[in-house]
Amino acid sequence: MTTSASLPAHSASSASGDSVTDRLVSANRRYASEFTDPGMDARPVLHVAVVACMDARLDLHKALGLELGDCHTIRNAGGVVTDDTIRSLTISQRALGTRTVILIHHTGCGLESLTEDFRHELEDEVGQRPAWAVEAFRDVDQDVRQSMQRVRTNPFLPHRDDVRGFVFDVHTGLLREIDPLT
């Protein structure tokens with residue numbers, strides 16, 4: 001799959017010398033030339049927040065049948081529920097009206113091959129340990145359960161009853177729901 005701004009994987013610049021950022025900005029100009037303000041409110045129409053991995057293989061809007069304005073999308077490495085994810089969910093619920101949380105991890109996640117040693121390696125390289133945890137995991141299902149638990153027990157979130165977790169299969173495109181109690 002390619003996009004109008006795609007570059008070969010081995011190249012940070014095109015043959016004409018444009019950087020990836022230059023290509024993306026150019027693509028934005030084409031987009032903006034046909035853009036019409038949809039006149040939407042910042043509140044998601046479906047009152048849902050989706051927390052997912054940042055993996056480039058996940059096209060969440062297509063995979064979930066979502067349209068512009070339907071949801072808040074919060075993405076990070078692994079789709080794990082971190083303090084910053086809770087911050088975003090709290091704002092999403094308390095200021096912008098979401099009530100449902102959907103968590104989506106995926107097969108073949110890069111966090112399955114990392115450990116907390118990654119932080120130590122960074123510390124050795126730059127002389128300072130990152131303040132954040134890697135949040136690496138070996139069992140994607142268990143990590144979804146842990147993320148669901150973090151949402152369901154967080155006192156800052158007023159809407160904790162409608163929280164469901166899934167694993168997206170990057171080869172089939174299907175979601176597999178995770179039972180929080182297993």
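The questions and answers below go from the overall fold to single residues.

Biologist: What kind of model is this, and from where are residues numbered?

Modeller: This is a predicted model, where local features need pLDDT of at least 70, side-chain atom pairs count only at pLDDT 80 or more, and totals for chains, interfaces and linings use all residues. Side-chain values use heavy atoms, with hydrogens and water left out, and residues are numbered along each chain as its sequence is written, from 1.

Biologist: Which pattern does the protein follow along the sequence?

Modeller: Helices (H or I, at least four residues) and strands (E, at least two) are DSSP runs, numbered from the N terminus. The protein has five helices and five strands. Read along the sequence, the pattern is α-β-α-β-α-β-α-α-β-β.

Biologist: In strand 3, which residue is the bridge partner of Val51?

Modeller: Strands of a sheet pair through backbone hydrogen bonds, either parallel or antiparallel. Strand 1 (residues 48-53) and strand 3 (residues 100-106) pair in the parallel sense, over five bridges. The partner of Val51 in strand 3 is Leu103.

Biologist: And in strand 2, which residue is the bridge partner of Ala49?

Modeller: Strand 1 also pairs with strand 2 in the parallel sense, over six bridges. The partner of Ala49 in strand 2 is His72.

Biologist: How many residues of strand 1 are buried?

Modeller: Buried means under 20% relative accessible area, exposed over 50%, and partly exposed in between (1.4 Å probe, protein chains only). Across the protein, buried residues make up 34% of the 182 residues. Strand 1 is largely enclosed by the rest of the structure, because its buried residues number six of six.

Biologist: Which residues are closest to the centre of the largest pocket?

Modeller: A pocket is an open set of points on a 1 Å grid over the protein atoms alone, where a 1.4 Å probe fits, with protein on both sides within 12 Å along at least five of seven lines. The largest pocket holds about 260 Å³ of space, a volume filled by probe spheres set on the points, which are joined across faces, edges and corners. Lining residues have an atom within 4 Å of a point. There are 13 of them, and the closest to the centre are Asn76, Ala77, Val80, Thr82 and Ala133.

Biologist: Which element gives the largest share of the lining of the largest pocket?

Modeller: By class, the lining has seven nonpolar, three polar and three charged residues. Ala, Val, Leu, Ile, Met, Phe, Trp, Tyr, Cys and Pro count as nonpolar, Asp, Glu, Lys and Arg as charged, and the others, Gly among them, as polar. Strand 2 and helix 3 are the elements that give two or more residues. The largest share, three residues, comes from strand 2.

Biologist: Is Asp55 buried or exposed?

Modeller: Asp55 sits in the loop between strand 1 and helix 2 (60-64). Not counting residues up to four places away in sequence, Asp55 touches Arg75 and His106. Its relative accessible area is 16%, so Asp55 is buried.

Biologist: What is the phi of Glu135?

Modeller: Most residues other than glycine have a negative phi. Glu135 lies in the loop between helix 4 (117-126) and helix 5 (140-152). Glu135 is buried, at 18% relative accessible area. Although Glu135 is not a glycine, its phi is positive, about 65 degrees.

Biologist: And what is the phi of His47?

Modeller: His47 is in the loop between helix 1 (20-33) and strand 1. His47 is partly exposed, with a relative accessible area of 38%. His47 is not a glycine, yet its phi is positive, about 55 degrees.

Methods
Two strands pair if DSSP finds at least two bridges between them. Contact means heavy atoms within 4.5 Å.
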